[in-house]
Amino acid sequence: MTDAEGGSADSILARLAHVDARLAYEIDVVAARDAQRAGAVIVDTRKQRSWDHGHVAGAVHLPKERLDGDLSELPAERTLIVYGWGPGCNGETHTARALLARGFDVREMIGGYEYWARNGFAVEGVDASGAVVDLTRASDPLVTAE
């Protein structure tokens with residue numbers, strides 16, 4: 001048996017398994033927001049300057065340079081949802097891999113901070129004085145997932 005492009009049925013099954021694995025592991029911003037409300041922890045994997053510029057409200061900041069250190073601030077019994085800047089960033093993938101290797105339950109938020117913010121979900125930043133400020137804006141109708 002072959003697929004439409006002459007591939008084998010085994011190839012189709014391998015691709016199907018890949019898609020199923022992605023669906024079990026990746027989470028979109030709407031589902032991530034709902035999971036956060038249900039107790040999941042959102043983890044920002046970006047550098048300090050990006051974090052200060054804006055991040056998911058209630059997120060934990062875990063830049064790459066802290067991955068080899070003490071992670072006791074991360075609750076081992078809750079799902080961690082990691083994100084980076086946007087759909088073209090894979091920094092969160094490296095963080096997810098490191099956290100999975102250390103036994104954490106991890107999902108990767110597709111679209112990252114960009115899609116979260118553009119959907120009008122709660123965003124906060126850090127101003128020059130170090131105070132946390134609300135940066136939430138109206139949703140962008142071109143990307144709103146709801």
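Rings of Phe, Tyr and Trp (its six-membered ring) count as a pair if their centres lie within 6.5 Å; planes under 30 degrees apart are stacked, over 60 edge-to-face, and the rest tilted. By this rule there are 2 aromatic pairs. The model is predicted, so local features need pLDDT of at least 70 and side-chain atom pairs count only at pLDDT 80 or more, while totals for chains, interfaces and linings use all residues. Residues are numbered from 1 along each chain as its sequence is written, and side-chain values use heavy atoms, with hydrogens and water left out.

**Aromatic pairs**

- W85 and Y113 form a tilted pair, with 5.5 Å from centre to centre and 35 degrees between the planes.
- W85 lies in the loop between β5 (80-83) and α4, and Y113 lies in helix α5, so the pair ties together parts that are 28 residues apart in sequence. Helices (H or I, at least four residues) and strands (E, at least two) are DSSP runs, numbered from the N terminus.
- W85 is partly exposed at 41% relative accessibility, whereas Y113 is buried at 5%. Buried means under 20% relative accessible area, exposed over 50%, and partly exposed in between (1.4 Å probe, protein chains only).
- W116 and F121 form an edge-to-face pair, 5.3 Å centre to centre with 80 degrees between the planes.
- W116 is buried at 1% relative accessibility, and F121 is buried at 5%.

**Charges over rings**

- The charged end of R46 sits over the ring of Y113, 4.7 Å from the ring centre. The rule asks for NZ of Lys or CZ of Arg within 6 Å of the ring centre and within 35 degrees of the ring normal.
- The ring of F121 has the charged end of R33 over it, 4.3 Å from its centre.

**Salt bridges**

- Side chains of opposite charge can pair when their charged atoms come close. A salt bridge is a side-chain nitrogen of Lys or Arg within 4 Å of a carboxyl oxygen of Asp or Glu, and the count comes to 6.
- E114, R118 and D140 are linked in a network of salt bridges.
- R118 is partly exposed, with a relative accessible area of 29%, and E114 is partly exposed at 24%.
- R118 also meets D140 in a salt bridge, at 2.7 Å from N to O. This pair links distant parts of the chain, with R118 in helix α5 and D140 in the segment after β8 (132-134), 22 residues apart.
- R22 forms a salt bridge with E26, with 3.2 Å between the closest N and O atoms. R22 is partly exposed at 42% relative accessibility, and E26 is partly exposed at 21%.

**Largest pocket**

- The largest pocket holds about 210 Å³ of space. On a 1 Å grid over the protein atoms alone, a pocket is an open set of points where a 1.4 Å probe fits, with protein on both sides within 12 Å along at least five of seven lines. The volume is the space filled by probe spheres set on the points.
- Residues lining the pocket, with an atom within 4 Å of a point, include R46, W85, C89 and H94.
- Helix α4 (residues 91-101) gives the most to this lining, with 3 residues.
- By class, the lining has 3 nonpolar, 5 polar and 4 charged residues. Ala, Val, Leu, Ile, Met, Phe, Trp, Tyr, Cys and Pro count as nonpolar, Asp, Glu, Lys and Arg as charged, and the others, Gly among them, as polar.
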